[in-house]
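Hello,

The sequence and the structure come first, and my notes follow below.

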Amino acid sequence: MEYKEKVRDFYTQLDNYYDAKEYAAAKMFMEQILQEGQRICDRELIIAAGNELGGMYRASGETDNAVNTYELVLTTLAGMDLEGTVDYAMAQLNAANAYGTADLWDRALDTYESAKAIFEANAFRDDYAMAALNNNISRAYVMTGRTDDAEYAAFAALEHIMKLLPDSYPELATTYASIAEIRLAQGRAHDACVYFRKAIDIHVERLKGEDMHYAAARYGLGKTLFASGDTDGARENYKYAMELVKRDFGENDNYKIIENALAGIAGGSSDFA
């Protein structure tokens, strides 16, 4: 897809916001650009802003907005006769992520597999994207009860990263967290703790605690420690995760979920953990 000057300017300004850690300002900027793209019927601007804004919505817990925004992008791409292209498959990955966040896991899995089929048909060989896809498919398998398939996909992603992307620390941390979630679903809490701690070590040592997915790893470790009977450790990690979410996104829905989990510890309940 050929980017016009407006799209290049959009990415330049967005990078400036992210470099300054001004996430709220970045969100407002993306919303304004998406509205402008719709107003002037600039489809390339809609796609660029929609893909980025959908990710912000998903990370900040605005799930319905994320789903609607990514579906707008898919509709726009289809209107440009780009179904079956790598651009369309990339947008499907984003939409599938949002479906998962909305607990529409069967739909997410179908969309991931459709994207994978498009990548294979186009002989697509982007190492980072394929590792991310395997991680996402693994997560969808976990949530649909197919833990054996999930394990295979997650370790395929890990092998891919270790061989071809050894310095891709954000994706490596995500992969370790994915394996941890699988181990937790399998009732292997000790192993889950090991992999959550591997993810956290990367977030702290390599990513300086600044990546927006750090909170999820802390929350996952908290859940696992609670399931193992370590309420003090669970409490510590829940509080840490809440601080990270508040730092990056404010007191959003994800913040409230962790807050409820923390309250569950105080009340002796595992309902929210």
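A crossing of two helices is called left-handed if the near helix is turned anticlockwise from the far one by less than a right angle, and right-handed if clockwise. Helices here are DSSP runs of H or I with at least four residues, numbered from the N terminus.

Before the findings, some background. This is a predicted model, in which local features need pLDDT of at least 70 and side-chain atom pairs count only at pLDDT 80 or more, while totals for chains, interfaces and linings use all residues. Residues are numbered from 1 along each chain as its sequence is written, and side-chain values use heavy atoms, with hydrogens and water left out.

Let me start with a helix pair. The crossing of H3 and H4 is left-handed. The axes of H3 (residues 43-59) and H4 (residues 63-79) come within 8 Å and cross at roughly 155 degrees; axes are lines fitted to C-alpha atoms over the stretch in contact, and angles run from 0 to 180 degrees between N-to-C directions. H3 and H4 are therefore roughly antiparallel to each other (an angle over 145 degrees).

Next, two loop residues. Most residues other than glycine have a negative phi. Lys21, in the loop between H1 (5-19) and H2 (23-39), has a positive phi of about 60 degrees. Ala123, in the loop between H6 and H7, has a positive phi of about 55 degrees. Lys21 counts as partly exposed at 41% relative accessibility, and Ala123 counts as partly exposed at 49% (partly exposed lies between buried, under 20% relative accessible area, and exposed, over 50%, with a 1.4 Å probe and protein chains only).

What about Tyr238, buried or exposed? Tyr238 lies in H12 (residues 231-249) and, at 0% relative accessibility, counts as buried.

Happy browsing!

Terms used. Parallel < 35°, antiparallel > 145°, perpendicular 65-115°, else oblique.
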